[in-house]
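User: I'm new to this one, could you walk me through it?
Analyst: Gladly, here it is, and then just ask away.

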Amino acid sequence: MIFWTFLIIIAILQITHYKINSKTPDAFKNIHTITLFNRIFMIITKQGYDKLYFSHKQYFEKDGIVKQRIRGKWYCLVTDPAIAKELLLKPDVYPKMSIEKLFPNSLFAEYLGTNVAFSNGDVWKRHRRVCNSAFKSLPLHLFAETGLKMINTLETIDNKPVEIKNFMQRYAFDVLGKVAFGFDFNSIGNPNSVYITAFDEVQKTIFNPLSLIFPIDRVPIIRQQRLKKVNKLNNIFNEIINEKYKALAAGKSQGDLLENMLNACDNQMLSDSELRYNLALFMLAGHETSAIALATTLYLLSTYKNVQEKAREEVLRILGDDLIPSADQHRSLKYLNMIIQENLRLYPPAPALIFRELTENIKIKDTVIPAGTPIELFLYGIHHSPKLWNNPEEFLPERFEKNDYADSENYSWLAFGAGTRTCLGNNFSLIEQRIALCLLLRKYEISLAPNSIHKNGLKIHTQMLLPYPLDLIFKRKD
Ligand code: HEM
């Protein structure tokens with residue numbers, strides 16, 4: 001109740017502020033506007049970024065840019081690939097906007113602080129140097145271990161509907177724990193695991209898009225409640241760090257991300273608070289995206305049975321009796337890689353990049369966008385543009401027959417971003433996706449549950465392109 005009253009008061013204040021300041025600067029006059037009402041309506045009715053694109057498609061396609069006004073400031077969403085190239089290749093000219101500037105006084109900003117994904121310049125280089133080596137040669141056996149645990153758990157629910165987003169989230173969470181921190185979250189084995197529950201609670205509150213548009217966190221009673229949730233997660237970070245110290249004292253070094261960060265703290269390359277901020281960032285960036293990618297891929301395989309059959313045939317041919325692909329086999333799974341790539345085009349789990357702040361004017365078509373404007377690359381729009389893709393709404397893995405992930409020279413495929421700020425965990429995610437898909441395809445025939453709400457197309461909500469509960473049936477193949 002308090003929440004909604006506060007929300008309504010803030011909405012009235014925002015609208016009044018908007019009316020008073022409604023004189024649009026000349027630079028923005030010719031750009032189509034997504035109104036604040038429109039955005040709030042979309043958030044409240046849980047519409048996904050797909051709806052945002054399709055309801056303004058004609059402007060995205062004609063101009064490559066639309067604008068919106070949030071907290072009294074103009075922001076632009078861009079789908080022009082030439083601008084994408086410019087922004088991504090010149091990170092010093094178009095740095096990422098700081099979280100504090102984006103969401104002032106929010107718990108989101110307080111919780112994520114200065115980390116590898118949101119910093120710029122020398123600070124970013126220092127953070128990235130600390131993290132990089134852990135992602136260079138990834139321990140396949142740890143991915144495999146979690147993959148096998150996942151498939152063994154599925155065995156116990158053979159032939160019954162499985163809500164796949166949740167199941168894949170637990171798999172990806174465990175992979176992250178094992179590979180990046182050397183910690184067993186055991187959320188596959190225990191659906192009520194305190195670890196994933198604590199993360200979910202924080203995600204639902206402080207990462208909630210309404211909290212980001214309206215400064216709800218400033219209300220003392222709400223702040224207090226939310227801080228309790230954040231503290232639970234902070235205690236988990238303490239537990240993870242303590243476990244790591246114990247393992248190191250017992251001579252069990254894994255050379256993983258957490259070890260790199262702890263060493264960096266000892267060498268004064270990273271402060272203790274920066275270590276916390278990066279742990280929070282990796283918890284956020286390091287599993288949910290992969291889980292969504294796996295859920296949408298499995299949905300596509302359940303819907304396109306011919307693709308599923310062809311992928312299974314490839315997995316059996318390349319892996320033979322091996323359950324888990326070796327490093328070479330990962331590269332040889334050509335068709336599976338095409339499916340993964342096409343899924344990331346259709347349903348990019350990060351449908352828009354972090355805001356960049358223009359340090360100089362930029363020209364889009366005939367409009368000069370002034371320096372200081374926050375700009376968001378809207379990948380979903382780029383990935384669905386009929387100017388860049390033939391039949392963009394069709395699932396056609398074959399369109400990647402000749403290209404691979406790296407070949408995104410025309411900036412039309414940007415699921416992992418591009419340039420020096422490209423996703424640090426792209427290979428990590430691809431490995432966990434391939435392992436899960438190989439294990440599932442070999443063993444199961446995958447189908448959509450009867451009477452699924454997704455039978456006429458995947459229904460998505462929220463900005464992360466999360467599917468609504470998605471029940472799939474895994475029927476053992478003998
Ligand atoms: C399907 C899975 C994933 C997708 C689609 C994805 C997507 C992205 C994108 C688009 C960016 C660029 C953001 C920008 O430029 O504004 C990014 C950055 C990043 N991602 Fe991922 N990601 C995925 C998985 C992961 C995983 C598994 C990890 C870590 C374990 C990770 C860690 C990061 C980090 C640390 C950055 C910031 C890099 C930097 O700025 O130097 N991501 N990701």
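User: By class, how many residues of the shell around the ligand are nonpolar, polar and charged?
Analyst: Keeping in mind that this is a predicted model, the shell around the ligand has 16 nonpolar, 6 polar and 2 charged residues.

User: And which residues come nearest to the ligand?
Analyst: Of the 24 residues around the ligand, those that come nearest are Gly286, Leu353, Gly417, Cys423 and Gly425.

User: Which helices supply at least two residues of that shell?
Analyst: Helix 10 (164-181), helix 15 (272-285), helix 16 (288-303) and helix 21 (426-443) each do, and the largest share, 3 residues, comes from helix 16.

User: What does helix 16 lie across, then?
Analyst: Helix 16 lies across strand 9 and strand 12, and runs at about 90° to strand 9.

User: In what order do the strands of that open sheet come?
Analyst: The order of the 3 strands is 4-12-9, with antiparallel pairing, and the edge strands, each pairing on one side only, are strand 4 (161-163) and strand 9 (444-448). Strand 9 is joined to strand 12 (residues 471-476) by 5 bridges, and Tyr444 stands opposite Arg476 in strand 12.

User: Switching topic, at what angle do the axes of helix 9 and helix 21 cross?
Analyst: The axes of helix 9 (residues 140-155) and helix 21 come within 10 Å and cross at roughly 40°, which makes helix 9 oblique to helix 21. The crossing of these two helices is right-handed.

User: Which residues meet there?
Analyst: In helix 9 they include Phe143, Gly147 and Ile151, and in helix 21 they include Ile431, Glu432 and Lys443. By class, the contact of helix 9 with helix 21 has 9 nonpolar, 1 polar and 2 charged residues.

Notes
Residues numbered from 1 in each chain as written. Predicted model: local features only at pLDDT ≥ 70, side-chain atom pairs only at ≥ 80, totals over all residues. Near = placed C-beta within 6 Å. Helix = DSSP H or I, 4+ residues; strand = E, 2+ residues; numbered from the N terminus. Nonpolar A, V, L, I, M, F, W, Y, C, P; charged D, E, K, R; others polar. Axes fitted to C-alpha atoms, helices over the stretch in contact; angles between N-to-C directions. Parallel < 35°, antiparallel > 145°, perpendicular 65-115°, else oblique. Left-handed = near helix turned anticlockwise from the far one by under 90°. Contact = placed C-beta atoms within 7 Å. Pairing = 2+ DSSP bridges.
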